[in-house]
Amino acid sequence: MNRLNQLFHPRKKLLLLGFLTFLVMLPLTRTYSQTFSQNHRLYQIQTQYFTIIFPEASGNSAMTLAAMADDVYAEVADLLNVPMNLHLDVVITPDSQELNGYFTPYPSNRIVLYEAPILPNSGFALFNDTLYKLFLHELTHAVSLTIRSPFWNFLSLVVGDFVAPALFTAPGNFIEGVAILFESLDGYGRAHDTDYLSIIQQDIIENRFMTFHETASIRSPYPFGAWYIYGAGFSRYLHETYGIQAYAQIWKEFGSGRPMKDILFIQGAFERAFGVNFDSAWEGFRRWISIQTPVVTDVRPLTTELDLVQGITARDNFVYYGGIDGLHQFDVTTRTSRQLVPMDTSLNRIDISPDGTQLLLSVSQTGNRGLPQRVLKLYDLEKQGYLDRNLAAGLAEAAFVPQGIVAVRVRGYTTDLILLENGTEQILFSGTPTQVPSFPGSFQDNWIHFLLQNEGTHYLARVHIHSREVQILQTSEPVNGIRNLNIQRGHVVFSYDNDHTLFKLGHLTREGMSIQTTPLSGGVRFPALVNYRGTQNPDIVYVGAFSRGHTLMEFPWNNDAIHFKQVDTRWIPFNPGPPPSTVQQEFSPRKYYPITGILLPQLRLPRLYLDEFAQTPTDLIRGAGFMTYASDPTETLSLETDAAYIWNPGFVDFGIGFTTAAFPFDLSLGLSDRLYLANELFPQTERQLIPSLSLSGVHWFFPQHRRFQWSITTRAIFPAAGLPETNPYSWDFQKPVLPVRASMGYSQFSGGVFPPYNLRGFGITLGWEGFGDFSGESPEIVSYIRGNLDLAIPIIGMRSEIRGYQVLHPALGFHPLGTLLGGSISPGLTEPQQAYSSYGWYSGDVSPYFLKSDTSAGFRFDISTPVPGNVYVRHGWIRAGYRNALVNADYLDSVYVRTGYTFYLGHLGTLERIPFTLGIELEQTFRDPVANAVFYRIIFE
């Protein structure tokens with residue numbers, strides 16, 4: 001087979017077709033975190049429209065949800081003007097300590113709710129009833145995305161729930177926008193949150209207001225979710241401007257599938273629903289959300305580096321903050337920064353000890369099954385490392401106080417305010433789902449101050465350590481939207497906002513409170529006191545949030561354009577009221593068994609048996625059948641099957657696979673009976689009965705970008721040559737071949753968020769592959785070991801990958817021809833081989849080793865503009881690299897240059913989130929067998 005045929009062989013065309021199919025299915029096959037981190041005895045409650053599945057620890061939440069779920073469904077269905085024809089599985093899990101949830105129609109409609117509290121930095125800070133709002137948000141996804149016209153509804157009945165046109169027609173900013181709009185209709189939700197609105201307003205101030213294309217999932221760097229942020233604001237604008245009927249109509253358009261036929265979504269479905277030109281509506285949204293009062297733009301950055309700051313504290317002349325990839329120390333006098341230790345985006349709060357020697361970090365640590373757990377870490381500034389001191393798990397928002405450490409403990413959908421003192425734990429304030437304490441600290445003797453979210457409104461509060469008396473701060477003027485308390489040396493500085501513009505500075509002392517009233521470009525987030533002098537007021541460093549990232553800032557006290565107002569304050573008693581009443585036992589829970597979730601196939605698709613070596617299109621399809629998939633709503637079990645009837649020679653080819661996550665590792669079992677038709681590589685038809693077993697697991701460390709992975713896969717292949725003419729199912733088992741593959745790897749990559757390229761780290765994988773061949777008279781063990789090293793160096797995006805193989809059998813090895821074939825270094829296939837050639841052993845003039853590497857560097861530049869044809873160009877890029885291989889004592893190498901562009905399909909629903917790259921590569925080779933040759937390749941990926 002010559003080189004040209006290898007490049008354009010039908011097998012490669014089918015691989016391309018399969019890849020394109022994978023792109024289409026990718027939005028539907030999204031992988032979520034495991035639902036449970038441990039085995040629970042599960043129960044279920046049935047309502048008219050829902051099956052609620054939960055462990056005993058989530059029983060109260062399940063009862064509460066069951067009592068309101070049908071009414072919430074009626075509320076959402078009425079808003080969207082659709083019939084109530086869904087029955088949904090809802091899973092509640094207590095095993096994640098970060099609030100979140102999701103809806104997916106794959107393979108069947110289900111909602112998963114993580115039972116965790118609101119924390120001010122979580123993004124859900126304005127929820128006034130956590131469980132209700134979280135369920136309302138996810139149910140809105142379920143209802144809006146499953147609106148279908150009669151044709152699509154019939155197809156979903158045949159194929160499965162995942163047939164949902166809106167997944168492909170609704171842009172990402174509408175998908176999240178409708179859910180955030182509905183959660184916010186009572187004024188308590190992210191569509192009314194300064195945390196969201198100010199990001200759009202800051203873009204307008206900097207003349208970087210995003211296009212609709214960019215906000216529909218195309219721009220993935222900061223602010224990390226423009227489809228949520230802009231989608232929330234735009235949906236609120238459309239609802240308040242054109243009414244709920246028009247807004248509901250746009251979802252009827254998405255569900256009909258008609259936008260697929262529109263040349264431009266903005267000229268089709270939108271105009272049919274709202275009766276206005278899309279461009280004028282988007283411009284109207286920009287004017288509507290713009291700040292109407294003057295904004296001071298005289299800001300004073302301390303550093304020009306962009307980051308994503310998640311917590312900040314200060315002492316003397318040093319500011320300590322958690323960035324996108326590490327814990328940093330910044331010297332405000334020398335304006336220099338250094339990384340103390342690598343970290344990730346798991347930081348929730350940071351505080352410094354009274355003696356200035358330790359940092360107390362409140363973080364999320366990835367636990368079993370990838371679910372986040374709240375933990376506290378102590379970092380010693382003198383020893384420059386983490387301390388081994390064990391602190392109680394499940395704690396967050398921690399700070400040092402004279403009595404010890406004060407923190408909040410995660411408890412279901414709320415938190416308890418606790419004091420850790422001399423190894424004991426005292427509960428100072430018990431939260432409820434509508435009264436959630438956070439950000440505790442102390443600046444007055446015997447009082448613990450904290451931020452209290454009471455039914456969506458934030459108050460400064462305090463509790464007496466001994467009497468447990470609770471008070472809230474009453475102010476002469478409203479001080480709303482309080483965030484990011486920093487309690488230091490008799491001062492409380494915080495962020496607040498009264499008018500949904502930009503966060504401003506608030507300052508409380510024993511003498512009173514003052515609040516900033518003039519907006520400052522970038523807003524004031526995470527304010528902290530430092531001791532360096534230069535102004536008459538307390539020196540404050542804060543975080544400014546600009547359109548491309550966060551920056552440390554000095555507060556400009558001497559700017560006369562920034563106005564402050566004195567606010568009268570007094571502490572008044574707060575009566576938390578009686579604990580929430582337990583929901584009456586209207587429902588009778590019964591045991592739930594995950595096996596019942598996979599008994600009926602949820603995804604049902606036709607399957608074609610294709611001959612990848614067919615020479616003509618008419619020979620391509622050799623059989624037809626079906627494939628099915630079913631997954632338990634708790635993601636504990638899954639079952640997939642496939643079968644196809646091959647009409648010549650009249651044989652049913654089938655396979656079945658079972659996967660369970662009920663153990664600390666993933667376990668997969670499979671059985672298949674496959675027919676491999678004769679072709680130009682394998683001249684004889686062969687049938688194989690193959691049972692298989694696979695084990696795999698992932699273990700996370702802190703920070704969570706460090707992980708260890710392992711897998712073991714083994715099969716037993718029972719071959720048979722040909723099929724009997726009388727009965728294709730009667731055959732004699734031959735002795736099996738037992739292939740085994742085992743691998744383990746460790747990786748730690750961080751950064752990679754802000755351009756040009758700052759991804760850094762490494763990954764290493766070691767593996768062993770082989771098989772025991774028992775088909776002959778004497779058993780034979782054939783194997784080889786392999787290794788892989790992947791390096792990322794933050795120097796103009798340098799990446800290096802090194803792979804090595806060593807055969808452990810004297811008669812087998814690697815052949816050099818083809819090692820540079822197709823632009824990728826891999827062992828070459830030079831002649832027809834026996835089965836199992838996929839393991840990489842080749843007879844003939846062989847080498848027992850094979851080593852290859854690929855090193856490249858380059859840069860990327862933003863373009864961010866739409867082009868005709870409803871396509872959005874996001875990036876251009878150019879890379880140069882060097883490839884080499886060592887095999888059979890031959891050294892093969894080449895240099896290459898590749899350039900291209902990254903595109904997105906604009907306005908095509910979920911598909912628009914998938915980038916595709918189109919480019920060209922030029923490669924110059926230097927050694928035999930293709931010495932001094934120049935190759936041109938089109939890149940499409």
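Author: Start inside helix α10. Its buried residues are Ala226, Trp227, Ile229, Tyr230, Gly231, Ala232, Gly233, Phe234, Ser235, Arg236, Tyr237 and Leu238. This is a predicted model.

How long is the helix? α10 covers residues 226-242, which makes 17 residues.

Now the burial. Of the 17 residues of α10, 12 are buried, so the helix is largely enclosed by the rest of the structure. A residue counts as buried when its relative accessible area is under 20%. In an α-helix, there are 3.6 residues a turn, so residues three or four places apart point the same way.

What encloses the helix? The buried residues of α10 pack against α7 (172-183), α8 (194-205) and α9 (212-218), among others. The partners also include α11 (244-256), α12 (269-274) and α13 (278-289).

Gly231 sits in helix α10. Its relative accessibility is 1%, so Gly231 counts as buried. Setting aside residues up to four places away in sequence, Gly231 touches Asn173, Gly177 and Ala226. Pro171 is 60 residues from Gly231 along the chain, yet their C-alpha atoms are separated by 9.4 Å.

Then comes the end of the helix. Gly243 follows α10, and its phi is positive, near 95 degrees.

One packing partner leads on to empty space. Rolling a probe the size of a water molecule over the atoms shows where empty space is left. The structure holds 4 cavities of 30 Å³ or more. The largest cavity has a volume of about 70 Å³. Which helix gives the most to its lining? That is α8, with 4 residues. α8 is also among the helices that the buried residues of α10 pack against. Strand β27 (540-546) joins α8 in supplying at least two residues each to the lining of the largest cavity.

The lining of the largest cavity has 13 residues in total. Nearest the centre lie Ser198, Ile199, Gln202, Arg525 and Ala545. By class, the lining of the largest cavity divides into 6 nonpolar, 5 polar and 2 charged residues.

The second largest cavity has a volume of about 60 Å³. Its lining consists of Ile118, Leu119, Pro120, Ala125, Val436, Ser438, Leu451, Gln453 and His458. Strands β18 (435-441) and β19 (447-454) each supply at least two of the lining residues. The lining of the second largest cavity has 6 nonpolar residues, 3 polar ones and no charged ones.

Most residues other than glycine have a negative phi, and most peptide bonds are trans. Glu455 has a positive phi of about 55 degrees, although it is not a glycine. Glu455 lies in the loop between β19 and β20 (457-464). With 48% relative accessibility, Glu455 counts as partly exposed.

Glu635 also has a positive phi, near 65 degrees, and is a residue other than glycine. Its loop runs between β33 (621-631) and β34 (637-646). Buried or exposed? Glu635 is buried, with a relative accessible area of 16%.

Next, the cis peptide bonds. The bond from Tyr106 to Pro107 is cis, with omega near -5 degrees. Pro107 is in the loop between β4 (100-104) and β5 (110-114). The bond from Phe702 to Pro703 is cis, with omega near -5 degrees. Pro703 is in the loop between β37 (686-700) and β38 (706-715).

The protein has 13 helices and 48 strands. Of its 941 residues, 55% are buried. Among contacts with a separation of 6 or more, 57% join residues 24 or more positions apart. The protein exposes about 40200 Å², and carbon and sulfur atoms supply 55% of that area.

Technical notes:
Residues numbered from 1 in each chain as written. Predicted model: local features only at pLDDT ≥ 70, side-chain atom pairs only at ≥ 80, totals over all residues. Heavy atoms only, no water. Expected span 1.5 Å × (residues − 1). Buried < 20%, exposed > 50% of the residue type's maximum accessible area, 1.4 Å probe, protein only. Contact = heavy atoms within 4.5 Å. 1 Å grid on protein atoms, 1.4 Å probe; cavity = no way out; pocket = protein on both sides within 12 Å on 5 of 7 lines; lining within 4 Å. Points joined across faces, edges and corners; volume = space filled by probe spheres on them. Nonpolar A, V, L, I, M, F, W, Y, C, P; charged D, E, K, R; others polar. Areas by Shrake-Rupley, 256 points an atom, 1.4 Å probe, with all protein chains shown as cover.
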